Amino acid sequence: MEDIMRIGRVYKRFKNTVWIEVKKAKFEKLLKELKSFDARISSISGYDNGNIIEIIYHFDVNGKLINVKLRVEKDVYVINSITKLFPGAELFERELMEMFGIEIKNHPDPRNLFLDERLSPKNPLRKKIGDNNVR
Amino acid sequence: MIIDAIKIFVYPGMIFIIIFSLFYFGFLRKITARMQNRIGPPLWQPIFDIIKLFSKENIIPENAKLGFTLWPVLSIASILTAGLMIPIGGDVVLNTSGGIILILYFFVISTISSFLAGLSSGNPFGIVGGLRKIVQLISYEFPFIVSLIVPALFFKTLSPFMINSYQIISGPLFLLYPLASSAFFISILAKCEIPPFHIPDAHQEIVSGYMVEYTGTRLAYLHLVHMVKFFVLISLGICLFFGGSLTFVDFILKSFILLVLITIVKVVVARLRVDQMLKFYWFFGFLALLDLLRVMM
Amino acid sequence: MIIMSGKSLKRCYSLPIGPQHPAFPEAENLEVKVDGETIVDVVVNVGYLHRGIEKAMEERNYIRSLYLSERICGICNFVHTTTYCSLVENLLDIEIPERAMYIRTIALELERLQSHMLWAGIAGYELGFDTLFHYIWRDREFILDAIELLGGKRVNYGLNTIGGVRRDMSEDVKNKIGKILKYIEKRFKYYIKVFTTDITILRRTEGIGILEKKDAIKYCIVGPTARASGVDYDIRRIDPYMAYNMVDFNIITDNGCDIQARVKVRLLEALESISIIKQCLKDIKKGDIRIKVPFIVPENEAISRSEAPRGEIVYYGRSNGTDKPERIKIRTPTYINLLSIKPMLVDENLADLPIIVMSIDPCFSCTDRITIIDVKSGKREILGEQEFRKRVDGKNDY
């Protein structure tokens with residue numbers, strides 16, 4: 001478990017949760033370590049703070065929540081899908097793609113999950129001028 | 001002449017049959033509801049339903065084919081004619097010597113008219129519903145026909161009025177031929193799509209299937225067919241198997257007992273799967289055949 | 001557009017058919033590829049009731065977002081508010097008083113009871129037992145009475161608030177709930193007997209809709225669906241919240257992997273819920289029911305989880321020093337359980353599709369539409385739920 005902590009940088013611990021920040025280059029290694037501990041993907045959240053998009057993968061390892069944060073610059077959106085190691089992440093990545101406009105390579109089914117192709121607005125969870133909290 | 005007209009139209013003719021079938025259907029719904037721990041609609045709810053339907057707008061869809069109006073009318077007319085041939089309380093309107101066969105024909109005409117009504121609606125679901133009705137007809141006609149032949153052969157007459165009189169004298173037939181009687185009972189359930197033979201989950205009592213494009217008066221006729229069929233089958237059962245009816249009170253009593261029996265079966269059983277249902281029909285058909293062979297000996 | 005396949009006529013007709021009865025199970029849009037009667041492939045499409053709640057929460061302050069989260073689901077609304085409140089309490093790093101924890105636990109378990117009864121009634125209805133459906137829903141009314149005594153309303157009771165609960169539980173309410181539970185326990189034991197010994201039900205549920213344990217683990221399935229495949233995972237045991245580490249209860253698992261196992265797991269879980277509520281009613285002590293929280297939440301990020309009747313609910317949240325949340329992400333259990341539909345349906349009979357999809361206890365509220373694609377002829381049909389049922393049962397006639 002401590003090896004996982006060393007690959008990324010632990011920036012917060014709270015009750016039963018651990019928050020790790022990791023760089024894109026080391027992400028695959030971290031995934032393999034988590035897989036070896038029989039982690040289960042619980043959710044994938046996205047957050048746009050104006051300049052970069054943060055993708056947080058919430059893994060559950062025997063009840064302990066390991067949250068892995070990946071920072072994606074707005075020019076370089078392409079990341080790899082984790083469905084090869086964690087097939088349960090399929091739907092979460094689809095939502096991420098349609099809500100934030102991130103491109104995910106090697107996804108088995110890259111369609112929109114919730115939004116309609118013709119009628120809904122594009123990338124609604126991205127921050128736009130005029131949104132609340134956009135400074 | 002006037003007495004004949006009263007007989008045909010009022011008692012024991014069409015108005016009596018229609019009003020009583022509405023009431024019986026109301027009783028069916030009320031008893032079902034009470035057994036399911038609900039309160040259920042008032043007894044005259046079907047009357048309100050039919051009156052309401054008569055007051056609704058009549059819409060003919062663009063895709064409707066020839067006969068859109070004809071088939072519902074034919075359906076209700078044929079089932080009422082079949083009802084007129086069955087003695088109620090010792091009194092019959094149309095006393096024919098070939099009654100049983102005519103009744104059989106009128107039942108089939110009614111079902112085929114419903115099927116054609118579904119076909120003429122121009123809606124694929126109407127067509128599917130109509131097709132299903134025909135398929136069911138082919139499946140459950142076998143026990144029905146066989147069970148009809150048994151009393152005819154036993155009493156050596158085809159007239160329901162004579163069979164009724166003989167039964168009053170000789171006693172109910174179901175004691176002698178229980179297998180044929182149960183086949184007839186099963187076919188009542190099957191013809192009126194009462195559980196366990198209600199295959200389509202969407203209750204057939206609510207608008208669906210072949211009735212899907214109908215509104216207003218025509219829909220009222222189709223609903224009436226459903227309810228009148230129930231009543232006519234019960235009265236046919238009493239006339240052929242369950243002891244006949246000497247007086248009106250006699251008839252009411254016996255038909256009520258049959259109604260309660262059918263309701264109990266309806267509430268207590270689950271839905272059979274289609275393959276199980278077919279096996280059921282044919283099983284009872286063959287049981288009735290055994291009785292038929294006994295009669296012929 | 002409908003193009004009837006095979007023997008029926010070809011006609012193009014658009015059919016707007018939606019849910020007609022509040023008790024009809026909600027179904028998502030499934031594209032089912034069939035080969036004759038056997039299902040070959042399933043593609044799940046959702047999104048018919050996407051309301052943009054996560055975006056809406058960013059524009060409302062924390063209290064208004066609380067009431068928004070309550071309206072995400074009608075059946076499991078208390079779990080949503082509890083998880084939301086836990087999230088904000090984690091963001092603020094405060095502990096709620098013990099009495100509030102107990103009251104929340106009692107309401108959570110009452111909700112689990114009510115949800116499992118709803119599901120059991122619908123399952124009975126799907127199997128053709130109209131009467132069983134009416135009986136179970138009649139008994140469910142007693143649970144809703146208990147919930148109304150506690151919260152003030154049967155659904156969407158605004159019992160939760162950030163920092164505790166809003167209404168206290170009086171002694172009178174405690175006694176009444178105890179009496180209702182005694183009656184419900186008897187009824188549940190009777191329903192368990194019906195569901196596990198009735199021949200018709202067994203024939204329609206045993207060996208159907210199998211989800212193997214390795215598939216359940218691979219697709220990260222949660223809730224009773226996973227527990228019925230032998231995966232021993234329950235947030236109440238592994239990551240206890242509220243008063244769950246102060247009461248004794250069993251986690252029900254079953255190795256059957258079929259629909260019958262899911263039925264058993266849910267009904268036995270309901271019995272466990274009754275025992276949890278009884279313990280809570282006994283152990284609850286006097287005290288405060290809420291503490292005051294500041295309006296402004298400092299910058300922080302947190303996550304909170306709960307075990308809803310259908311599985312695990314995860315709320316991830318971020319605050320930014322104002323009184324409005326910066327980002328809240330909600331992941332409901334049916335979201336992930338969608339992935340279990342495909343392994344369950346492949347190689348099963350088309351006629352069993354309604355009961356199999358129902359057995360994962362879906363909670364969408366979409367228009368129900370199912371698309372059937374016949375692989376041999378390549379024809380597609382879109383049917384509403386009623387027509388699908390007729391079609392499915394009618395197909396076996398020919």
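Is B:C239 buried or exposed, and what is its relative accessible area? In this predicted model, B:C239 is buried, with a relative accessible area of 1%.

**Cysteines**

- Over all chains, the disulfide rule returns a count of zero.
- For B:C239, the closest cysteine sulfur is that of B:C192, and the two sulfurs are 17 Å apart, which is too far for a bond, given that a disulfide requires sulfur atoms within 2.5 Å.
- C:C76 also counts as buried, at a relative accessibility of 4%.

**Extent of the interface between chain C and chain A**

- On one side 41 residues of chain C take part, and these are in contact with 44 residues of chain A.
- The area buried between chain C and chain A is about 3,600 Å², and carbon and sulfur atoms give 52% of that area.

**Polar and charged pairs across the interface**

- Six salt bridges are found by the rule across the interface of chain C and chain A.
- The side chains of C:R305 and A:D60 meet in a salt bridge, with a distance of 2.4 Å from N to O.
- Between chain C and chain A, 17 residue pairs are in polar contact, with both residues at pLDDT 80 or more.

**The side of chain C that touches chain A**

- At least two residues of this side are supplied by each of several elements of chain C, including strand 2 (38-45), helix 1 (53-57), strand 6 (311-319) and helix 12 (333-337).
- Strand 5 of chain C provides the largest share, five residues.
- By residue class, the side of chain C that touches chain A divides into 17 nonpolar, seven polar and 17 charged residues.

How values were computed. Residues numbered from 1 in each chain as written. Chains lettered and ligands numbered in written order. Predicted model: local features only at pLDDT ≥ 70, side-chain atom pairs only at ≥ 80, totals over all residues. Heavy atoms only, no water. Contact = heavy atoms within 4.5 Å. Buried area = accessible area lost by both parts, 1.4 Å probe. Salt bridge = Lys/Arg side-chain N within 4 Å of Asp/Glu carboxyl O. Polar contact = N/O pair within 3.5 Å; in protein donor to acceptor, adjacent residues only side chain to side chain. Helix = DSSP H or I, 4+ residues; strand = E, 2+ residues; numbered from the N terminus. Nonpolar A, V, L, I, M, F, W, Y, C, P; charged D, E, K, R; others polar. Buried < 20%, exposed > 50% of the residue type's maximum accessible area, 1.4 Å probe, protein only.
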